[in-house]
Amino acid sequence: MTQDELKALVGQAALHYVTPGEIVGVGTGSTVNKFIDALASIKDQIAGAVSSSEASTARLKALGIPVFEANAVGELSVYIDGADEIDAGGHMVKGGGAALTREKIVAAQSRRFVCIADESKLVKTLGAFPLPVEVISMATARLVRQFAALGGSASVRLKDGAPLVTDNGQHILDVTGLQISDPLAFESQVNQWPGVVTVGVFAHQKASVCLLGTPSGVKTLTF
């Protein structure tokens, strides 16, 4: 099966975690797009969605699924999103699509995080995928030095030759060269650095379940 077919497989499987009549938290990215497309098939059975990005909001609305502001609703039963990496404990690296801050907000608002991914995303140790960190631009140079002190190499993510601007109006640092053996401690540490909006390690908001697309079908990991 192609990677695209694996994404469609887990996107469809995630429908089993959607509670009829409720509002579902929806993430961002190519795998989530497959879930949004699948969600459209049961849109009359749900109240709507809370979205973690402008791109996902546009896709949901185009398919006729109502989108609510996070502040307008209470706790969500489930948040469904992809990951750039996930380890055996359900800790993830996210933010390849630059939506990590809003993703973490919606994840924190949800009782359960269901990660949907293909099996290439399952790793022993987080860090091979460049770690996204949303930052306030005036702190960029100092944060690059702080990551260097940890053995990482950080660079500003560019789009069309200029720094990419997130949905929140900030920049992204991508950090390579790290081995994140203690995701919870690492997330807590970096979140305290002035100028960091959100670090793309999801350990405090880790996955409860991961639906992993494999050539032999969907493998369910529970954490």
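Val197 is partly exposed, with a relative accessible area of 33%; partly exposed covers the range between buried (under 20% relative accessible area) and exposed (over 50%), with a 1.4 Å probe and protein chains only. This residue sits in strand β13, residues 196–199. Helices (H or I, at least four residues) and strands (E, at least two) are DSSP runs, numbered from the N terminus.

A word on what you are looking at: this is a predicted model, in which local features need pLDDT of at least 70 and side-chain atom pairs count only at pLDDT 80 or more, while totals for chains, interfaces and linings use all residues. Residues are numbered from 1 along each chain as its sequence is written, and side-chain values use heavy atoms, with hydrogens and water left out.

Val197 also belongs to a nonpolar surface patch with Ile136 and Met138, and together they have about 310 Å² of accessible area. Patches are made of residues with over 30% relative accessible area and no salt bridge; like charges are joined within 9 Å, and nonpolar side chains (Val, Leu, Ile, Met, Phe, Trp, Tyr) within 5 Å. Accessible areas come from the Shrake-Rupley method with a 1.4 Å probe, and for residues only the protein chains shown count as cover.

Next, a sheet. Three strands form an open sheet in the order β5-β6-β14, with antiparallel pairing. Strands β5 (85–86) and β14 (201–202) are at the edges with a single partner strand each, so one side of each has no neighbour in the sheet. Two strands pair if DSSP finds at least two bridges between them; β6 (residues 92–93) and β14 are joined by two bridges in the antiparallel sense. Val93 has Val201 in β14 as its bridge partner.

On to the charged side chains: the structure has eight salt bridges, a salt bridge being a side-chain nitrogen of Lys or Arg within 4 Å of a carboxyl oxygen of Asp or Glu. Here are some of them.

| Salt bridge | N to O distance | Accessibility |
|---|---|---|
| Asp37 and Arg59 | 3.1 Å | Asp37 36%, partly exposed; Arg59 31%, partly exposed |
| Lys94 and Glu103 | 3.2 Å | Lys94 and Glu103 both buried |
| Asp118 and Lys121 | 2.9 Å | Asp118 3%, buried; Lys121 17%, buried |

Asp37 and Arg59 form a salt bridge. Asp37 is in helix α2 (residues 30–39) and Arg59 in helix α3 (residues 54–62), so the pair ties together parts that are 22 residues apart in sequence. Lys94 and Glu103 are also linked with Asp81 in a network of salt bridges.
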